[in-house]
Amino acid sequence: MKFEEQSLKQQSEQICKTVEVDVIDHHRTASSLVELEASEDCERDGPDGDGLYIPPLNFSMVDNGIFRSDFPNSANFSFLQTLGLRSIICLCPEPYPEHNMEFLKSNGIRLYQFGIESYKEPFVNIPDDMIREALKVVLDDRNHPILIHCKRGKHRTGCLVGCLRKLQRWCLTSVFDEYQRFAAAKARISDQRFMELFDISDLRHLPMSFACSKRFLWWFGWHSLDD
């Protein structure tokens, strides 16, 4: 019995690497934000030091408390602080950069890392188990606000968001349309096939208190259909 428990624990650790950090108050006062933004760890990237916020490339709001982007760098840290993030999901297998780790630690952000390799067609093997476990992290609103990212914010991130949309009862046409908005000319048939075949039946019981409202969907020009 103990062997089985250890085996399951090791399997879980192989799927997701979680970095625990000290929890801080995300509802900061205006004065504390000013102090943070003036610190060495909070860099601005304006040509004249004008303090403009710079979102990561491919940044977008997925739903209330859920965001997506490409791999953030130090120029994006000031912007990310305004989101009050509790968690970040990284879908890249490489070790998380030290500078990014320092940012997470200084802001009390938990890192969930799912090491999905970057594949190119036709030899593609998207790990169903990792996407499934990542979805469970996204669905748990205790992790919100949360940022999902990979290297470019297109394929791996697109697949995870696409599977989330299926849980939100989006029709495949709308799922693929959103995927293609970010992937553009780099859209992959294999990614869309994965999203189409992804089985959400064992995830339907999980709560989704953040599910998109019709007004939110209409604003972005997307829509969902009933079964």
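1. Four bridges connect strand β3 (residues 66-69) with β6, and the two strands run parallel; strands count as paired here if DSSP finds at least two bridges between them. This is a predicted model, in which local features need pLDDT of at least 70 and side-chain atom pairs count only at pLDDT 80 or more, whereas totals for chains, interfaces and linings use all residues. Residues are numbered from 1 along each chain as its sequence is written, and side-chain values use heavy atoms, with hydrogens and water left out.

2. On its other listed pairing, β6 is joined by four bridges to strand β4 (residues 87-90), again in a parallel arrangement. The residue I148 of β6 is the bridge partner of R68, and I89 also stands opposite I148. Within β6 (residues 146-149), I146 and I148 point one way while L147 and H149 point the other way, and all of them are buried, where buried means under 20% relative accessible area, exposed means over 50%, and partly exposed lies in between (1.4 Å probe, protein chains only).

3. For the protein as a whole, the secondary structure comes to nine helices and six strands, taken as DSSP runs (helices H or I with at least four residues, strands E with at least two) and numbered from the N terminus. Of the 227 residues in the protein, 46% are buried. Among the contacts between residues at least 6 apart in sequence, 71% join residues at least 24 apart, a contact being heavy atoms within 4.5 Å.

4. The structure holds five aromatic pairs; rings of Phe, Tyr and Trp (its six-membered ring) pair if their centres lie within 6.5 Å, and planes under 30 degrees apart count as stacked, over 60 as edge-to-face and the rest as tilted. The rings of F59 and F79 form an edge-to-face pair, because their centres are 4.9 Å apart and their planes stand at 85°. Since F59 lies in the loop between α2 (30-38) and β2 (60-63) and F79 in helix α3 (residues 77-81), this pair ties together parts that are 20 residues apart in sequence. F59 counts as partly exposed at 24% relative accessibility, whereas F79 is buried, with a relative accessible area of 14%. The rings of F194 and F198 have centres 5.7 Å apart and planes at 50°, so that pair is tilted; F194 and F198 are both buried.

5. Ring pairs also link F59, F67 and F79 into a cluster. A charge over a ring is found as well, with R68 lying over the face of F182 at 3.7 Å from the ring centre; the criterion is NZ of Lys or CZ of Arg within 6 Å of the ring centre and within 35 degrees of the ring normal.

6. Helix α7 (residues 172-183) and helix α8 (residues 189-197) pack at an angle of about 145°, their axes being 11 Å apart; axes are lines fitted to C-alpha atoms, for helices over the stretch in contact, and angles run from 0 to 180 degrees between N-to-C directions. The crossing of α7 past α8 is right-handed, which is to say that the near helix is turned clockwise from the far one by less than a right angle, anticlockwise being left-handed. In this packing, L172, V175, F176, Y179 and Q180 of α7 meet D191, Q192, M195 and E196 of α8. Q192, in helix α8, counts as buried at 11% relative accessibility, and, leaving aside residues up to four places away in sequence, Q192 touches F176, Y179, Q180 and A187.

7. The axes of α5 and α6 come within 10 Å and cross at roughly 65°, and α5 passes α6 in a right-handed crossing. This contact is made by I131, A134, L135, V138 and L139 of α5 together with L160, C163, L164 and L167 of α6.

8. Some backbone geometry deserves a check, given that most residues other than glycine have a negative phi and most peptide bonds are trans. The peptide bond from H144 to P145 is cis, with omega near -5°, and P145 sits in the loop between α5 (128-139) and β6. R169, although not a glycine, has a positive phi of about 70°; R169 is placed in the loop between α6 (155-167) and α7 and is partly exposed, with a relative accessible area of 38%. A184, likewise not a glycine, has a positive phi of about 50° and lies in the loop between α7 and α8.
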